Amino acid sequence: MPSGPPADPATPTMQASGAPSAVPLVGETGETGEISEISERASGAAAARRSWTAPLLLGTAGVLALLIALFGPGLMARGTGELRIPGAGLTTVLRTVLFAALALHLGELLAPQLIRPVRGRPRTAVRSWAVLASLAGAAAAAGQIVRLAAVSDLGITETYGTREGGLLLLIANGLVVAALCAASRRPALALAPLAVVIGAEALRAHPEVYSPEFGAALTVVHLTAASLWTGGLLYVLRTMWLWRGSPVAARALLGRYARLAIWLYVALAATGTASALRRLPLDVVFTSAYGRTLLLKLALMAVVSVLALAARRRMLRDTDPSVAHQLARREQVVLGLVVVVSAVLTVVPDPHWISLRP
């Protein structure tokens, strides 16, 4: 007869080796499976939301940028009494492409200098967009020549003889040379033709009779700093996405860019303020297309500044660069809108004649 107390069903049974056998409770396996399935569904839904949210935001920003370029000059000049500029919307689109091309190419020349000192970085590199960007910029400059010829009722050869036509031809040729340099084994040689392009664009943007040399010099510094900031940030963000498996290296790269961006911001603020005080009379800030466009640009730059400071704070506080990366991507989107508004600013009329009206 068996002796001892009856076995407790809640007590794990002992095997021959003396180790308790794992006997799952009733319903335990099913509940665990349901919890894991719910967790997988939630993570999958979050990933799906992230997968379509970014393209949707980029697409919305792109449509908004196109609308600003096409209709911005007319809207800003409404009710000001300023003369209508033929083809202002198309000109703004072409100049936006030109400015974006400069930013992309200069950013690709700057960012590798920030990447090389990063320790423990992955050896992978993002694909270069410099050749396509410069060719697109050259096409945009050529398109401006064609538009100028159509508006002026001149032939293409005669258009080259005008001041603006000659400078646009120089810009187009400079960007073609820059594309050839980018495709060669020494892409840094593109700095020389890009410098020529920036100088020609600065001269083209300042045909006024009052101190055009000073205005062109301010534009050279302003356009260079803006291109390095915008294009450099885009290249850094693309590289950080490629390095998402190495957060330490990605955080170090963003930190190096942030330190440089401070000086670029100072250069932009100084030259932008000087240009505004020089070109915009205070009595027509709200009654001229130039003044209204400048106010819109300043509002967008304020948003960019807030996003840049927030990204820098999160970068210093967190070891994971994902939040700072997200803020920097939003900064990049707003910077794209700033590029479009800057193109509008080069198309609207000089506001001085309104200020001098009786």
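1. Leu104, Glu108, Trp129, Gly231, Leu234, Tyr235 and Arg238 line the largest cavity. Keep in mind as you look at them that this is a predicted model. About 40 Å³ of space lies inside that cavity, and the structure holds one cavity of 30 Å³ or more.

2. Where does the lining come from? Helix 2 (88-115) and helix 7 (212-242) each give at least two residues to it. Helix 7 has the largest share, with four residues.

3. Val63, Leu66, Leu67, Leu70, Phe71 and Leu75 make a nonpolar patch of about 560 Å². One of these, Leu66, lies in helix 1 (residues 28-77). Is Leu66 exposed or only partly exposed? Its relative accessibility is 45%, so it counts as partly exposed; the exposed class takes over 50%.

4. Last, have a look at the backbone of Asp153. Its phi is positive, about 55°, even though Asp153 is not a glycine. You'll find Asp153 in the loop between helix 3 (130-152) and helix 4 (156-160). Asp153 has a relative accessible area of 71%, so it is classed as exposed.

Definitions and conventions: Residues are numbered from 1 along each chain as its sequence is written. This is a predicted model: local features need pLDDT of at least 70, side-chain atom pairs count only at pLDDT 80 or more; totals for chains, interfaces and linings use all residues. Side-chain values use heavy atoms; hydrogens and water are left out. Patches are made of residues with over 30% relative accessible area and no salt bridge: like charges are joined within 9 Å, nonpolar side chains (Val, Leu, Ile, Met, Phe, Trp, Tyr) within 5 Å. Accessible areas come from the Shrake-Rupley method with a 1.4 Å probe; for residues, only the protein chains shown count as cover. A salt bridge is a side-chain nitrogen of Lys or Arg within 4 Å of a carboxyl oxygen of Asp or Glu. Buried means under 20% relative accessible area, exposed over 50%, partly exposed in between (1.4 Å probe, protein chains only). On a 1 Å grid over the protein atoms alone, a cavity is a set of points where a 1.4 Å probe fits but cannot get out, and a pocket is an open set with protein on both sides within 12 Å along at least five of seven lines; lining residues have an atom within 4 Å of a point. Grid points are joined across faces, edges and corners, and a volume is the space filled by probe spheres set on the points.
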